[in-house]
Amino acid sequence: MKRKMLQNVAVAAGVAGLMALTTIPEDQDISRQVGDYFEEVRRDPLLLTTFFTAMPKGGDLHHHFSGSMYGETYWQILSDHDGWINTSTVDVDTPGVAHTLPWKRFTALPRDARFDSLKQAFLRTVSAKDYEVSLRPSDEHFFGTFGKMSFIASFGMEQGLRELRQRAVSENVQYIETQTGQPDMRINLPENEGWEKSLEGVSLKDSLAVFGILDKLRDSLLAHGATHWADSCRRRMAEVHRNANVDDSTFMVRYQLSASRAGAPLSVYRRLLLAFEIADRDSLVVGVNLVSREDGEVSMRDYQLHMLMFAHLDRSYYRRVPYSLHAGELTAGMVRPEQLRTHITEAVMVAGARRIGHGVDIAYESAWKPLLDLMARKKIAIEINLSSNEFILKVKNEQHPVLLYFTRKVPVVISTDDAGVLRTDLTRQYVLLATRYPSLHYADIKQMVRNSIRYSFIKPAVVKEQKLRELDAAFARFEQQVLRHRAR
Ligand SMILES: [Zn+2]
């Protein structure tokens, strides 16, 4: 069978290809020889880049929609729709609002060198392009970009999705799971303040008391039309997804919805409930997450409460909805040492996360060993974001725990986090991985790529199986290509 496939490829490749193919072995030997070639090129950043560009990369399971769009796309959206720009601060706005000088419409901008320098200034504001550490701390710069751009991302979502698809396809990524939006419902609960007070006042040691409050809060939100808001949000997302026209037989986008952990407890719960309601019934929304900086004042204060919210929603109502949690996106010096001890543990053991995003402070967790054993046993994947951790946390090379997870047999997946803000892509993440960690070989990296489909939230299971088969077929083609190239 394999021989037949090779012959077919050979016919298609022509006589030169056939001559090269005669030297190509079969079965695992092909993979082993590709591994040899990989070892030859891993110290050559350019050849390594060509290798990883062509290598099938499965899915990108951890990235944020607005942070994945490049500044150039935002600029294009604003130009296409004649949006606003403040020519002093380079803040931007959508066309449907009114502004006065120094704000200008895009059509009123001179199309000369000033236009280009304004564009460059804009790109520097919304990304790490030409970033100067002396002007602003990198974490502040990074998180500051979201407030500037996320509303433009919603405005130009179809264009943004097309950009993400185009990049993914061009670097051989077959699936992306995009964190998009934190929808809320326009429901004014009677006794809003009462809910806030009871959520802020409850003892977190008494999880049953917390669950009791959350049960009543959920009942009240459902009685006031939460399901209606979930349906309307689903319709809106389906329409955008359809209009963007990004799915086909070779590529697929699915979504995670989230809540900002910087919000007040009631606001976080409302958004989580809506996200779970949607993900429970929708085929496009496959998971839930928590976003915003983990070391923020409110995020740190309410961390345990947020974990209990997930435990409550999962165990009482939405067992079918999987979620990944940003946890341990912290490092020494960022917070007090004792605040580095439990976040990943709680995300896994209390909240029941199916995947962990970042997990950088694992070595500081009090229960790091049993936690890693549990993650390995229960196949709780870790989403590794090398460029992001380097830029925001200043953690890289041997300080980064990717090998700690890997050697303890926790499933590792490689992702981008915010390719647009960080001016990177998934290929670059694999180049960094191979360059920084020489103990990882081709077979290990191939396994990580397979993990990115296996531990994705793709549903139903039959579709995931299909994607895995497609990935295996893509690897077979890639490996033959590499050996053909090597034989020349
Ligand atoms: Zn993230």
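Reader: Let's start with β2 and β3. In which sense do they pair, and over how many bridges?
Author: This is a predicted model, and in it strand β2, residues 84-86, pairs with β3 in the antiparallel sense, over two bridges.

Reader: Which residue of β3 is the bridge partner of Trp-84?
Author: Asp-93 is the bridge partner of Trp-84.

Reader: And the sheet they sit in, what's the strand order?
Author: The order is β3-β2-β4, an open sheet of three strands with antiparallel pairing. The edges are β3, residues 92-93, and β4, residues 103-105, and each of them pairs on one side only.

Reader: I'm checking omegas around there. Is the peptide bond from Leu-101 to Pro-102 cis or trans?
Author: The bond from Leu-101 to Pro-102 is cis, with omega near 10°. Pro-102 lies in the loop between β3 and β4.

Reader: OK, phi next. What's the value for Asp-82, and where is that residue?
Author: Phi of Asp-82 is near 50°, which is positive in a residue other than glycine. Asp-82 is found in the loop between α5 (71-80) and β2.

Reader: What about Arg-423, what's its phi?
Author: Arg-423 has a phi near 55°, again a positive value in a residue other than glycine. The loop that holds Arg-423 runs between α19 (419-422) and α20 (426-436).

Reader: Why does Arg-423 count as partly exposed?
Author: Because its relative accessibility is 26%, and partly exposed covers the range between under 20% for buried and over 50% for exposed.

Reader: Switching to β5. How many of its residues are buried?
Author: Five of its five residues, 175-179, are buried, so strand β5 is mostly covered.

Reader: Which residues go on which side?
Author: Tyr-175, Glu-177 and Gln-179 are on one side, with Ile-176 and Thr-178 on the other, and both faces are covered. In a regular strand, side chains alternate between the two faces of the sheet.

Reader: Which strands does β5 pair with, and in what sense?
Author: Strand β1 (residues 59-64) pairs with β5 in the parallel sense over four bridges. Strand β6 (residues 252-260) also pairs with β5 in the parallel sense, over five bridges.

Reader: Which residues stand opposite each other?
Author: Asp-60 stands opposite Ile-176 in β5, and Thr-178 stands opposite Tyr-255 in β6.

Reader: New topic: Leu-274. Buried or exposed?
Author: Buried, with a relative accessible area of 1%. Leu-274 belongs to helix α12, residues 265-281.

Reader: What is Leu-274 in contact with, leaving aside neighbours within four places in sequence?
Author: Leu-274 contacts Pro-183, Asp-184, Met-185, Ala-226, Trp-229 and Ala-230.

Reader: How far is Leu-274 from Asp-93?
Author: The two are 28 Å apart in space, C-alpha to C-alpha, and 181 residues apart in sequence.

Reader: What follows α16?
Author: Lys-379 follows α16, and its phi is positive, near 55°.

Reader: Zooming out, how many helices and strands are there?
Author: The chain has 22 helices and eleven strands. Its radius of gyration is 24 Å, close to the 23 Å from the globule rule for 488 residues, so the chain is as compact as a globular protein of that length.

Reader: What fraction of the chain counts as buried?
Author: Of the 488 residues, 55% count as buried.

Reader: Last one: how far apart are the mean positions of the charges?
Author: They are 4 Å apart, for 64 positive and 60 negative charges.

Definitions and conventions:
Residues are numbered from 1 along each chain as its sequence is written. This is a predicted model: local features need pLDDT of at least 70, side-chain atom pairs count only at pLDDT 80 or more; totals for chains, interfaces and linings use all residues. Side-chain values use heavy atoms; hydrogens and water are left out. The radius of gyration is taken over C-alpha atoms; the globule rule is 2.2 Å times the number of residues to the power 0.38. Buried means under 20% relative accessible area, exposed over 50%, partly exposed in between (1.4 Å probe, protein chains only). Lys and Arg count as positive and Asp and Glu as negative; His and the chain ends are not counted. The place of a charge is taken as NZ of Lys, CZ of Arg, CG of Asp or CD of Glu. Two strands pair if DSSP finds at least two bridges between them. Contact means heavy atoms within 4.5 Å.
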